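Subject: Structure handover

Hello,

Here is the structure you asked for. Please open it beside this message and follow the notes below.

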Amino acid sequence: MALDEAVLVCAPPERFVLRFFRWVGPALTFGYSQPYALAEAAARSRSIPTGQVVRRATGGGIVFHDGDLTFSLVFPWPRLSPPAEIYEKVHRGALSGLLDSGMEASLWASPAGAARLRRAQCFLGPEPSDLVDGCGRKLLGGALRRRLSRGLYQGSLRLSGLDERRTAFEAALAAGLAREWGRLLSCELEPAWIAAAEDLAGKYASEDWNRRR
Amino acid sequence: MPKPENCRFTKTHEWACLEGGVATVGVTDHAQHEITDIVFVEPPKPGRQLKAAEACCVVESVKAAFDIYSPIAGEVVAANDAVTKDPAVVNRSPQEEGWLFKLKPANPGEVNKLMDWKSYQEFLKTAEAHAGH
């Protein structure tokens with residue numbers, strides 16, 4: 001989380017930075033505006049220790065990280081524009097990569113006239129532009145943050161057989177996202193970003209941040 | 001509440017209206033339209049000292065959180081409870097009931113450095129509006 005914010009703050013405005021990361025044991029992240037009590041109860045239901053529960057800078061709902069493929073993308077977001085458009089663009093890229101790797105997936109669209117739901121837990125069901133499999137089961141969900149002219153997307157991909165093909169899926173996602181944005185995506189972190197992340201790490205571990213509401 | 005013609009505007013789509021030595025701050029109609037359905041607002045707490053252009057407030061629509069910036073420097077003297085209780089007020093009435101916070105300016109003249117209504121309308125039409133900071 002700290003590194004994502006550091007890249008969001010420090011990366012040059014035109015730079016795309018894609019990052020895949022893993023968790024040390026099961027973890028839970030929750031949306032910027034969500035109450036801690038909600039996340040704590042969800043963590044307890046899965047026996048996730050409170051030290052593995054962290055508030056994100058992005059919006060959205062609770063996500064359990066237990067065998068998922070978690071990734072983030074920092075990208076230029078120069079013009080204030082509807083987040084649904086950005087969300088769809090990121091997921092179109094991810095879809096393109098997954099289809100190339102032989103997966104069956106599609107962008108989910110809500111039934112005409114249906115009210116948009118705000119789910120407390122991200123994977124309780126699909127929302128517009130989430131990726132779903134042939135049975136409508138949600139595969140990819142994410143959330144966004146915009147700061148100045150940059151955006152941060154944090155996503156969670158759940159696929160069967162992920163452990164065996166993790167590297168291949170990461171490559172497929174990277175290729176699909178690069179194709180969608182028409183840009184090369186850097187996965188390299190600069191020393192200054194890592195130093196900034198070290199400064200921010202305390203924030204994400206703190207009660208002030210995680211229990212702020 | 002302030003009419004747009006009496007307010008000043010930033011390139012990051014906040015407005016500020018100075019009346020009686022206090023500046024009322026919110027997001028513009030353009031901003032609320034682009035952010036879409038606002039479900040959460042976190043204005044700065046009274047007493048907080050802000051610098052001009054400092055990220056000081058967060059609004060969230062479904063799936064996305066946005067930083068909002070202080071148009072001028074000063075001390076926060078009030079936050080709008082109405083928008084924290086019913087964030088959709090910002091969508092319905094961004095320049096009236098949907099104001100975010102009030103500031104006691106460090107330098108009241110600073111507000112005059114911002115765009116007036118006509119300039120902001122021109123700004124929205126230009127490529128600059130599409131390039132952000």
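Is A:Tyr153 buried or exposed? A:Tyr153 is buried, at 0% relative accessible area (buried means under 20%, exposed over 50% and partly exposed in between, with a 1.4 Å probe and protein chains only).

Some conventions come before the rest. This is a predicted model, in which local features need pLDDT of at least 70, side-chain atom pairs count only at pLDDT 80 or more, and totals for chains, interfaces and linings use all residues. Residues are numbered from 1 along each chain as its sequence is written, chains are lettered from A and ligands numbered from 1 in the order in which they are written, and side-chain values use heavy atoms, with hydrogens and water left out.

Cores

A nonpolar core is a set of buried Ala, Val, Leu, Ile, Met, Phe, Trp, Tyr and Cys residues joined through side-chain atoms within 4.5 Å. The largest one has 56 residues, and A:Phe75, A:Tyr153 and B:Leu100 touch the most other members. Helix 4 of chain A (residues 162-181) gives the most to this core, namely seven residues. Helices (H or I, at least four residues) and strands (E, at least two) are DSSP runs, numbered from the N terminus. A second, separate core has 23 residues, including A:Ala6, A:Leu8, A:Val54 and A:Tyr204.

With residues up to four places away in sequence not counted, the contacts of A:Tyr153 (heavy atoms within 4.5 Å) include A:Phe71, A:Phe75, A:Tyr87 and A:Leu144.

Aromatic pairs

Rings of Phe, Tyr and Trp (its six-membered ring) pair if their centres lie within 6.5 Å; planes under 30 degrees apart count as stacked, over 60 as edge-to-face and the rest as tilted. By this rule there are 15 aromatic pairs over all chains. One of them joins A:Phe71 and A:Tyr153, whose ring centres are 5.6 Å apart and whose planes stand at 45°, so the pair is tilted. A:Phe71 belongs to strand 5 of chain A and A:Tyr153 to strand 9 of chain A, so the pair ties together parts 82 residues apart in sequence. A:Phe71 is also buried, at 1% relative accessibility.

The rings of A:Phe75 and A:Trp181 are likewise tilted, with centres 5.2 Å apart and planes at 35°. This pair links strand 5 of chain A, which holds A:Phe75, with helix 4 of chain A, which holds A:Trp181, 106 residues apart. A:Phe75 is buried at 0%, and A:Trp181 is buried at 15%. A:Phe75 and A:Trp181 form one aromatic cluster with A:Phe16, A:Trp77 and B:Phe66.

Helix 1 of chain A

Why is helix 1 of chain A largely enclosed by the rest of the structure? Seven of its nine residues (residues 2-10) are buried, so the rest of the structure largely encloses it. Among the elements covering the buried residues are strand 5 (69-76), strand 9 (150-157) and helix 5 (191-205) of chain A.

Cysteines

Over all chains, the search finds zero disulfides (pairs of cysteine sulfur atoms within 2.5 Å). For A:Cys10, the nearest cysteine sulfur is that of A:Cys187, 18 Å away. A:Cys10 is partly exposed, at 34% relative accessibility. The sulfur of A:Cys122 is 19 Å from the closest cysteine sulfur, in A:Cys135, which is too far for a bond. A:Cys122 is buried, at 3%.

Regards
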